[in-house]
Structures are given as structure tokens and as C-alpha cells.
Amino acid sequence: MKSLEDKLDISEDKEIEEKVKSTKSLIQTFLQTLKAFRLYEANHPILSKFLERLRKDFDQYFGEFDSFSLQVGNTALLSGNIVYENEE
């Protein structure tokens with residue numbers, strides 16, 4: 001039988017996994033929006049859709065979590081775990 005401490009550790013691990021997953025998703029939305037800025041003019045309707053999605057994703061993220069923090073490495077962004085990596 002698992003002790004209360006083991007159950008709390010499992011619960012905490014799941015929370016961390018969820019935050020990493022949500023952070024990865026948010027970073028991907030951000031990068032897609034950034035690419036759209038390079039492709040479309042500021043008043044283009046597609047760019048507006050990307051910005052709307054980014055706002056929605058940030059709202060959803062902060063509805064679940066209190067903070068958003070990243071550590072910036074040479075080729076990776078980390079939030080406890082790697083949430084984005086690019087060798088280029």
C-alpha cells in the first residue's frame with residue numbers, strides 16, 4: 001500500500017508534467033505566431049487569428065497556473081524540463 005507521501009509525490013509529478021505539457025503548447029503557439037508576423041502584414045486577417053489564438057492560450061495557461069517562467073539556454077528553453085529545443 002502506498003503511503004501518503006508516495007501519493008503526494010505522484011500527484012506533484014503529475015502537476016509538473018501538466019505544467020511542462022502546457023508550457024510546451026504555449027511556446028509552440030508563440031512560435032507559430034512569430035512566424036506569422038514574418039509572413040503577413042500587420043493588418044492581415046490570418047495574423048489576427050494567430051494573435052487571437054495566442055491570447056486565448058495565454059489566458060488558459062494563467063487560468064491553470066500562477067506563473068510562467070523560462071530558463072534560456074544556448075539551444076533550449078526550460079521550465080524545469082526542456083519545453084523547446086532547436087540546435088539552429
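## The protein as a whole

The accessible surface of the protein comes to about 7100 Å², and 52% of it belongs to carbon and sulfur atoms; such areas come from the Shrake-Rupley method with a 1.4 Å probe. This is a predicted model, in which local features need pLDDT of at least 70 and side-chain atom pairs count only at pLDDT 80 or more, while totals for chains, interfaces and linings use all residues. Residues are numbered from 1 along each chain as its sequence is written, and side-chain values use heavy atoms, with hydrogens and water left out.

Along the sequence the protein follows the pattern α-α-β-β-β, where helices (H or I, at least four residues) and strands (E, at least two) are DSSP runs numbered from the N terminus. Of the 88 residues in the protein, 18% are buried, that is, under 20% relative accessible area, whereas exposed means over 50% (1.4 Å probe, protein chains only).

The buried residues of helix 2 are Leu 47, Leu 54, Asp 57 and Tyr 61. Seen down the helix axis, these residues fall within an arc of 85 degrees, so they line one face of the helix; the arc is that of the directions from the axis to the C-beta atoms. The face turned away from the buried side carries exposed residues, among them Lys 49, Glu 52 and Arg 55.

Asp 57, which lies in helix 2 (residues 45-64), counts as buried because its relative accessibility is 14%. Leaving aside neighbours within four places in sequence, Asp 57 is in contact (heavy atoms within 4.5 Å) with Leu 26 and Thr 29.
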